[in-house]
Amino acid sequence: MKKRIYLLFVFISILISFSFAQKPRSAGSAIQVDSIIKIDMFLNAFGVESFGFPSIKATINFKTQRSICNVTYYEPQLKSKNYSLSQNELQTISSIFSNFDFKQSKKEYAANTSDQPTSTTTIYTAQGKFQIKDYGLIALPPFDKLYEIVYKLKQNFR
């Protein structure tokens, strides 16, 4: 009888220990959106043979819910400017990355034509740093939407 009670106790203990164990994250699993700490972006217009195409350096800090985007031009007659993203835009960026798998995404994109802008996007998460280089702004979703929100080329191209 004591042996059966002991075995039952051991069996219940094992079940309880398995129920409290966390499932380990697989190597290719998606990063949780709340673990994105910061995004740094740089749109480099060097070599773009178009008058009025901007270079834009952007920092989005999700911990402070603030952003700053610095726009400059190679043409001295065009004035530099700064702008911030709205809270709605920050929420949209968070939502477009909600199920994105950074570890499985491509790290580089390249257009087959010359004289294109290059975007370098660095995403800092609790799990690490992920960088995407995009020559020609041809990256697949969600980066195309990110470019649209942050770079605002319809407003910044002069």
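Visitor: How do E6 and E7 pair, and over how many bridges?
Guide: In this predicted model, strands E6 and E7 run antiparallel to each other and are paired over eight bridges. A hairpin of two residues links E6 to E7.

Visitor: Which residue stands opposite Thr118?
Guide: That is Tyr135 in E7.

Visitor: What does Tyr135 touch, leaving out residues up to four places away in sequence?
Guide: Tyr135 touches Tyr109, Ala110, Ala111, Thr113, Ser114, Asp115, Gln116, Pro117 and Thr118.

Visitor: Is Tyr135 buried or partly exposed?
Guide: Tyr135 counts as partly exposed, because its relative accessibility is 25%, and buried would require a value under 20%.

Visitor: Which way do E1 and E6 run, then?
Guide: E1 and E6, the latter covering residues 118-125, run antiparallel and are joined by eight bridges.

Visitor: What stands opposite Val71?
Guide: Lys81 in E4 stands opposite Val71. E3 pairs with E4, residues 81-83, in the antiparallel sense over three bridges.

Visitor: On to the loop between E7 and H3. Which peptide bond is cis?
Guide: The bond from Pro141 to Pro142 is cis, with omega near 10°. Pro142 is in the loop between E7 and H3.

Visitor: Where does Leu137 lie?
Guide: Leu137 is also located in the loop between E7 and H3. Its phi is near 55°, a positive value in a residue other than glycine. Leu137 counts as partly exposed, because its relative accessible area is 21%.

Visitor: And H3 itself, which of its residues are buried?
Guide: The buried residues of H3 are Phe143, Leu146, Tyr147, Ile149, Val150 and Tyr151.

Visitor: Which residues touch the most other members of the largest nonpolar core?
Guide: Ile39, Ile93, Phe97, Phe143 and Val150 do, out of the 33 residues in this core. At least two residues come from each of E1, E2, E3, H2, E7 and H3. The largest share is six residues, supplied by H3.

Visitor: What is Phe143 in contact with, beyond four places in sequence?
Guide: Phe143 is in contact with Phe97, Phe100, Thr121, Ile123 and Ile132.

Visitor: What happens just after H3?
Guide: Lys152 takes a positive phi of about 45° there, although Lys152 is not a glycine. Lys152 sits in the loop between H3 and H4.

Visitor: Why does Lys152 count as buried?
Guide: Lys152 counts as buried because its relative accessibility is 16%, and the limit for buried is under 20%.

Visitor: One last topic, the largest pocket. Which residues line it?
Guide: The lining consists of Asp144, Tyr147, Glu148, Lys152, Leu153, Lys154 and Gln155.

Visitor: How many of the lining residues are charged?
Guide: Four are charged, two are nonpolar and one is polar. H3 and H4 each supply at least two residues of the lining.

Visitor: What is the volume of the largest pocket?
Guide: The volume is about 190 Å³.

Methods:
Residues are numbered from 1 along each chain as its sequence is written. This is a predicted model: local features need pLDDT of at least 70, side-chain atom pairs count only at pLDDT 80 or more; totals for chains, interfaces and linings use all residues. Side-chain values use heavy atoms; hydrogens and water are left out. On a 1 Å grid over the protein atoms alone, a cavity is a set of points where a 1.4 Å probe fits but cannot get out, and a pocket is an open set with protein on both sides within 12 Å along at least five of seven lines; lining residues have an atom within 4 Å of a point. Grid points are joined across faces, edges and corners, and a volume is the space filled by probe spheres set on the points. Helices (H or I, at least four residues) and strands (E, at least two) are DSSP runs, numbered from the N terminus. Ala, Val, Leu, Ile, Met, Phe, Trp, Tyr, Cys and Pro count as nonpolar, Asp, Glu, Lys and Arg as charged, and the others, Gly among them, as polar. A nonpolar core is a set of buried Ala, Val, Leu, Ile, Met, Phe, Trp, Tyr and Cys residues joined through side-chain atoms within 4.5 Å. Buried means under 20% relative accessible area, exposed over 50%, partly exposed in between (1.4 Å probe, protein chains only). Contact means heavy atoms within 4.5 Å. Two strands pair if DSSP finds at least two bridges between them.
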